[in-house]
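Trainee: I'd like to take a close look at one part of this model with you. Could you walk me through how the helices pack together and what sits between them?

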Amino acid sequence: MKKNQLIQTVAAWFVTSFIIYLAPQVWRGGVVLGNDRLTAFVSAAVAGLILTLLTMVAMPLLDMAKVKSMPVQGAVYLVLDVAAVWVIARLALYTGVGISAWYVALVLGLLIWVAQYLVYLKLKV
């Protein structure tokens, strides 16, 4: 992994975790962080790491599939982020992240998608 890729990944992890950490303050009753095993901070960090790693894994897979269209790549990442937020919330016992409804996963996934896109755009490899 190149130095710039590492910086990009860590920045995406930070931004994603930050959004997840702020979500319960902005959307009370929609997002809950923490459980009897994980604090809110650790829950946000774990969820952010999972989302960032999924994005990292998707990048070479899209290259292998020869998907070069930016709108198609963007759609794939959006679906991936929304689905990952939903799955992370379904595994709340292990991740410490809970959501109240499917539309919370949609909005949170959309916000994370935009934030990650801006990070990767600003820190282009």
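Which residues in α1 meet which residues in α2?

Mentor: Happy to, and keep in mind that this is a predicted model. On the α1 side, the residues that meet α2 are Thr-9, Ala-12, Trp-13, Thr-16, Ser-17, Ile-20 and Tyr-21. Facing them from α2 are Ala-40, Phe-41, Ala-44, Ala-45, Ala-47, Gly-48, Leu-49, Leu-51, Thr-52 and Met-56. Sort the residues of this contact by type and you get twelve nonpolar, five polar and no charged.

Now for the geometry. Two packed helices are described by the angle between their axes and the distance between the axes. Helix α1 covers residues 3-26 and helix α2 covers residues 40-64; their axes come within 8 Å and cross at roughly 135 degrees. α1 and α2 are therefore oblique to each other, and α1 passes α2 in a right-handed crossing.

Follow α2 to its other partner, α3. Here the packing angle is about 145 degrees, with the axes 10 Å apart, and α2 passes α3 in a right-handed crossing. α2 brings Ala-47, Ile-50, Leu-51, Leu-54, Thr-55, Ala-58, Met-59 and Leu-62 to this contact, while α3 brings Gln-73, Val-76, Tyr-77, Leu-80, Asp-81, Ala-84, Val-85 and Ile-88. By type, that's 13 nonpolar, two polar and one charged.

In soluble globular proteins, nonpolar side chains tend to be buried together. In this model the largest nonpolar core has 20 residues, and those with the most contacts inside it are Ile-20, Val-31, Leu-51, Val-85, Ile-99, Leu-108 and Ile-112. At least two residues each come from α1, β1 (31-33), α2, α3 (70-90), β2 (97-99) and α5 (102-122). α5 gives the largest share, five residues.

Zoom in on Ile-112 from that list. Not counting residues up to four places away in sequence, Ile-112 touches Thr-16, Ile-19, Ile-20, Leu-51, Asp-81 and Val-85.

Finally, look at Ile-88, which lies in helix α3. Ile-88 counts as buried because its relative accessible area is 6%, and the cut-off for buried is under 20%. Setting aside neighbours within four places in sequence, Ile-88 is in contact with Ala-47, Ile-50, Leu-51, Thr-95 and Val-97. As for Ile-99, it is eleven residues from Ile-88 in sequence, and their C-alpha atoms are 9.4 Å apart in space.

Terms used: Residues are numbered from 1 along each chain as its sequence is written. This is a predicted model: local features need pLDDT of at least 70, side-chain atom pairs count only at pLDDT 80 or more; totals for chains, interfaces and linings use all residues. Side-chain values use heavy atoms; hydrogens and water are left out. Axes are lines fitted to C-alpha atoms, for helices over the stretch in contact, and angles run from 0 to 180 degrees between N-to-C directions. Helices (H or I, at least four residues) and strands (E, at least two) are DSSP runs, numbered from the N terminus. Angles under 35 degrees count as roughly parallel, over 145 as roughly antiparallel, 65 to 115 as roughly perpendicular and the rest as oblique. A crossing is left-handed if the near helix is turned anticlockwise from the far one by less than a right angle, and right-handed if clockwise. Contact means heavy atoms within 4.5 Å. Ala, Val, Leu, Ile, Met, Phe, Trp, Tyr, Cys and Pro count as nonpolar, Asp, Glu, Lys and Arg as charged, and the others, Gly among them, as polar. A nonpolar core is a set of buried Ala, Val, Leu, Ile, Met, Phe, Trp, Tyr and Cys residues joined through side-chain atoms within 4.5 Å. Buried means under 20% relative accessible area, exposed over 50%, partly exposed in between (1.4 Å probe, protein chains only).
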